[in-house]
Amino acid sequence: MTLQSVDPVTLAVVRARIAAIVDETVDVMARTAFSPILNQSRDFSAAIFDADGELLTQAERLPIHLGALRFALLAARERFGEKLADGDTVLLNDPYRGGSHLPDMTLCLPVVVDGVIAFWVVNRAHQGDIGGISPGGYSPSATEIWHEGIRVPPVRLVRAGQLDDELLDLLCLNSRTPADMRGDLLAQLASVQAGAVRLRALADHYGVPCLAACGKAILAAGEAAMRATLAAWPDGVEEGESWLDPLTPGARPPRIHVRVKVAGSEAIVDLRGTDDQVTQFVNSPLANTTAAVSAAFAYVSSGEGRQSGGTMRPVRILTRPGSLVHPNEPAPVTACTTLTAAPIIEAILGALSKIVPDQVIAGFARRFRVAIACQDRTGRNVVWHHFANRGAAGAHAGGDGWSNLGVVQSPGATPSPSVERTEAVFPLHVEQYSLRPNSGGKGLHRGGLGATYAFRYEGVQPGRMTPTGDGVIVPPPGLAGGEPGQPNSVQIRRGDESFELHAVSGTVAILPGDLIVHESAGGGGFGLASDRSAAAIEHDASFGYTCLERVATHG
């Protein structure tokens, strides 16, 4: 069957069926994972690829995962080639061999129909701890990738349907929370296996030739949608830049620089002017950088359907090996998804704001997370990840920013965990979780509000807390004359003392009774504050979004 002969009704049904299948794999994962980072905050993604490794559909999960999954699949195919058999499943996490950062374990399962691979089901999930210097997988003091945890090149976790228990034991032994890691890896396996069952049934119904033709049509449609978006823009070349917080006190902040060229229905994203790679953990492997570029263009794309492998075909990405966005091995990279992806997207959107100003959103909050290694209320060793209070989105030409939505690389994709479940399992008491007044940048349209999340450590023994954050010094930028949002602030309050935390603070001790207070950033404003309507100003004041002093000085 050829692309031209695909019946439109059949194509629509197959597209919907494949989307439903990948969504089902997400449900399986969420309902079987052990760790709160996965079964509550859902820091995982899933996708289905065709036989050639082209993305057909992805669950509506984390953009920073989804744009990078093809690198993992290509690494698996390159490693094993024709050696893969029905029932095999490949596992990897190495950022220099298909991964993004070490905590993200990726499973790739080939779906074999009539002796040939017809599809691939892929699942990437963030493991709570994979060894390394610091608990939780983030090691600000790392200077090489071996400091960050166990490295796994493409290996077969399952061979001909048989789980390699010895390999699983080896992986779990390298985690501080081995039981959780075992359960989470098996949940990933159940997820991709469920997808494989559904895809085989789909192939039995329609046949592989029909599904292959539908796949090509899906890819062509994705490419056509992006080309239509780019063709509607004016041609031009614009530059953008953004920064991470300084990595040492008083140092120059690492800079992301981009030059975007739009010509007809194509675009070039040139990141070669970005700073050199660094010895800290903020380097972004090519897979992560590619995902960030894809996410940036998703924000301004007019297409309403799910992205496919065809979507980014009209966009060419240029990087420089040895740079912050294309580091050479063995540079540490663990913070790339959490931190560095944001300024990459921000720089690209800054350039695009000069081409399509009414389609770009002002700056989002940067991510600031902590991981705490301690004993839970039953005495079991655990690692708790702070996934609440992810900060606000920026404003845009159509209105105010969304409050406490989440960071630009994964807006709304990782929900805040249940306060009640957190308090029941971990030695923590959440004393405050509320919006942060005045945190949104002023403008014609106000940036969204960040929030205040304060929790007290109630452990019997001291714990170890590792901060991984950004945006304490660099605030979310405004657009079109809008003002920046308030930056992140994280403190440990101990009696009459308080300690400010930064991304480079390293692992610190927390004592029973310590109060950790995280004030997340507000979004950047859009347009001049003097143009904001009196009704909008009054509305903000009446709901407590701004205080009276702020209202009096607005504009």
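**Close-up views of a predicted model**

**View A. The lining of the largest pocket brings together 20 nonpolar, 12 polar and 8 charged residues.** Here Ala, Val, Leu, Ile, Met, Phe, Trp, Tyr, Cys and Pro count as nonpolar, Asp, Glu, Lys and Arg as charged, and the others, Gly among them, as polar. The model is predicted, and local features need pLDDT of at least 70, side-chain atom pairs count only at pLDDT 80 or more, and totals for chains, interfaces and linings use all residues. Residues are numbered from 1 along each chain as its sequence is written, and side-chain values use heavy atoms, with hydrogens and water left out. The volume of the largest pocket is about 1,200 Å³, and of the 40 residues in its lining, Gln58, Ser294, Gln307, Ser308 and Thr311 are the closest to its centre. A pocket, on a 1 Å grid over the protein atoms alone, is an open set of points with protein on both sides within 12 Å along at least five of seven lines, and its lining residues have an atom within 4 Å of a point. A volume is the space filled by probe spheres set on the points, which are joined across faces, edges and corners.

**View B. Several helices and strands contribute to the lining of the largest pocket.** Strand 2 (55-58), helix 3 (63-66), helix 4 (69-80), helix 7 (208-231), helix 8 (286-300) and strand 11 (315-318) each supply at least two lining residues, and helix 8 gives the most, with 6 residues. Across the whole protein there are 12 helices and 20 strands, taken as DSSP runs numbered from the N terminus (helices: H or I, at least four residues; strands: E, at least two).

**View C. The largest cavity holds about 140 Å³ of space.** A cavity is a set of grid points where a 1.4 Å probe fits but cannot get out, and the count comes to 2 cavities of 30 Å³ or more. Of the 18 residues that line the largest cavity, Asp43, Leu62, Thr337, Thr338 and Arg390 lie nearest its centre, and by class the lining has 5 nonpolar, 8 polar and 5 charged residues.

**View D. Thr334 and Pro330 are found in the loop between strand 11 and helix 9 (341-352).** Thr334 counts as buried because its relative accessibility is 0%, where buried means under 20% relative accessible area, exposed over 50%, and partly exposed in between (1.4 Å probe, protein chains only). Leaving aside neighbours within four places in sequence, Thr334 is in contact (heavy atoms within 4.5 Å) with His101, Pro103, Gly137, Tyr138, Glu148 and Phe281. The peptide bond from Glu329 to Pro330 is cis, with omega near 10 degrees.

**View E. The loop between strand 16 (463-469) and strand 17 (489-494) contains Val472 and also Ala480.** Val472 is buried, at a relative accessible area of 15%, whereas Ala480 is exposed, at 55%. Not counting residues up to four places away in sequence, Val472 touches Asp245, Phe368, Pro487, Asn488, Leu501 and His502. Val472 and Pro246 stand 226 residues apart in sequence but 9.7 Å apart in space, C-alpha to C-alpha. Phi of Ala480 is positive, near 55 degrees, although this residue is not glycine.

**View F. Ala160 sits in the loop between strand 6 (155-159) and strand 7 (162-163).** Ala160 has a positive phi of about 50 degrees without being a glycine, and counts as exposed at 54% relative accessibility. Most residues other than glycine have a negative phi, and most peptide bonds are trans.
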